[in-house]
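Please keep the sequence and the model open beside this note while you read. The points below are meant to be checked one at a time against what you see.

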Amino acid sequence: MSTADTPPAPSGRQRSDVRRNEQKLLDAAAAVFVRMGIDAPVREIAAESGLGMGTIYRHFPTRADLVVAVFRHQLDALAAAADNPAAADTPYEVLRRWVHRFADFLVTKHGLAEALHSDQAGFEALHNEFVERLLPVLDQLLKASACAGCTRADVRAYDFMLAIGNLCIGVETFPDYQARHMIDLLLAGLTQTAPAPS
């Protein structure tokens, strides 16, 4: 190919437009996966994002590509979410909000193995990345809530993460299952209450 045939490099504006479209697409896909599951039609994602189906396939040629990208996008957002709490929030409210986002994320994660089909090594690598990045965040949130006297101090982050995961499994089996309600019951069980007067 001659220099004359080489397409011009995309400008900074084009690159930022591409990045913005990709973020919009990943946010939309995550929302659709939470609502409809990992096998949701691509047209639903296109409608949610306001982008064409051609744009989706250009960015992510296969469903596995899209699911992995959504997984990593949500992982980044969750890892960063604990760093910017609203000033008025108590440590317990910050923990609760993060746990709800984490539960939405697990809907995507539960479909990840199926989307990757036989790529067991790829799935395990992503699972390890998930645990390594999110466990310290959850541990930090639990400790902050316990230090503020909002929740018990004897809860291990890993145990709590497993409990949330187990409460989310029912979403795939029962259409009426309300994972967030179950998680709120679990969180209520962690709260510190003043001792009853004797």
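This is a predicted model: local features need pLDDT of at least 70, side-chain atom pairs count only at pLDDT 80 or more; totals for chains, interfaces and linings use all residues.

1. I would begin with the largest nonpolar core, which has 34 residues, and in which Trp 98, Val 99, Phe 102, Phe 105, Phe 130, Leu 134 and Leu 138 touch the most other members. The elements that give two or more residues to this core are α4, α5 (91-116), α6, α7 (157-168) and α8, and among these α5 gives the most, with nine residues.

2. If its neighbours within four places in sequence are left aside, Leu 134 is in contact with Leu 75, Leu 78, Ala 79, Trp 98, Phe 102, Phe 105 and Met 161.

3. Helix α8, which runs over residues 179-190, has 12 residues and reaches 17 Å from its first C-alpha to its last, close to the 16 Å expected at 1.5 Å a residue. Which residues of α8 are buried? They are Ala 179, Ile 183, Leu 187 and Leu 190, and, seen down the axis of α8, the buried residues fall within an arc of 70°, so they line one face of the helix.

4. The salt bridges come to a count of 10, and I discuss some of them here. Asp 17 forms a salt bridge with Arg 20, with the closest N and O atoms 2.4 Å apart. Because the two residues are three residues apart in helix α1 (residues 12-36), Asp 17 and Arg 20 are separated by about one helical turn. Asp 17 is partly exposed, at a relative accessible area of 26%, and Arg 20 also counts as partly exposed, at 48%.

5. Glu 129 forms a salt bridge with Arg 72, where the closest N and O atoms are 3.1 Å apart. This pair links distant parts of the chain, since Glu 129 lies in helix α6 (residues 120-147) and Arg 72 in helix α4 (residues 63-81), 57 residues apart. Arg 72 counts as partly exposed, with 38% relative accessibility.

6. Another salt bridge joins Arg 152 and Asp 154, whose closest N and O atoms are 2.7 Å apart. Arg 152 is partly exposed, with a relative accessible area of 39%, whereas Asp 154 is exposed, with a value of 54%.

7. Two single residues complete the note. If residues up to four places away in sequence are not counted, His 73 touches Gln 23, Leu 26 and Asp 27. Arg 43, by contrast, is exposed, with a relative accessible area of 56%, and is found in helix α2 (residues 42-49). Arg 43 and Met 53 are 10 residues apart in sequence, and their C-alpha atoms are 6.5 Å apart in space.

Definitions and conventions: Residues are numbered from 1 along each chain as its sequence is written. Side-chain values use heavy atoms; hydrogens and water are left out. A salt bridge is a side-chain nitrogen of Lys or Arg within 4 Å of a carboxyl oxygen of Asp or Glu. Helices (H or I, at least four residues) and strands (E, at least two) are DSSP runs, numbered from the N terminus. Buried means under 20% relative accessible area, exposed over 50%, partly exposed in between (1.4 Å probe, protein chains only). The expected span of a helix is 1.5 Å times one less than its number of residues. The arc is that of the directions from the helix axis to the C-beta atoms. A nonpolar core is a set of buried Ala, Val, Leu, Ile, Met, Phe, Trp, Tyr and Cys residues joined through side-chain atoms within 4.5 Å. Contact means heavy atoms within 4.5 Å.
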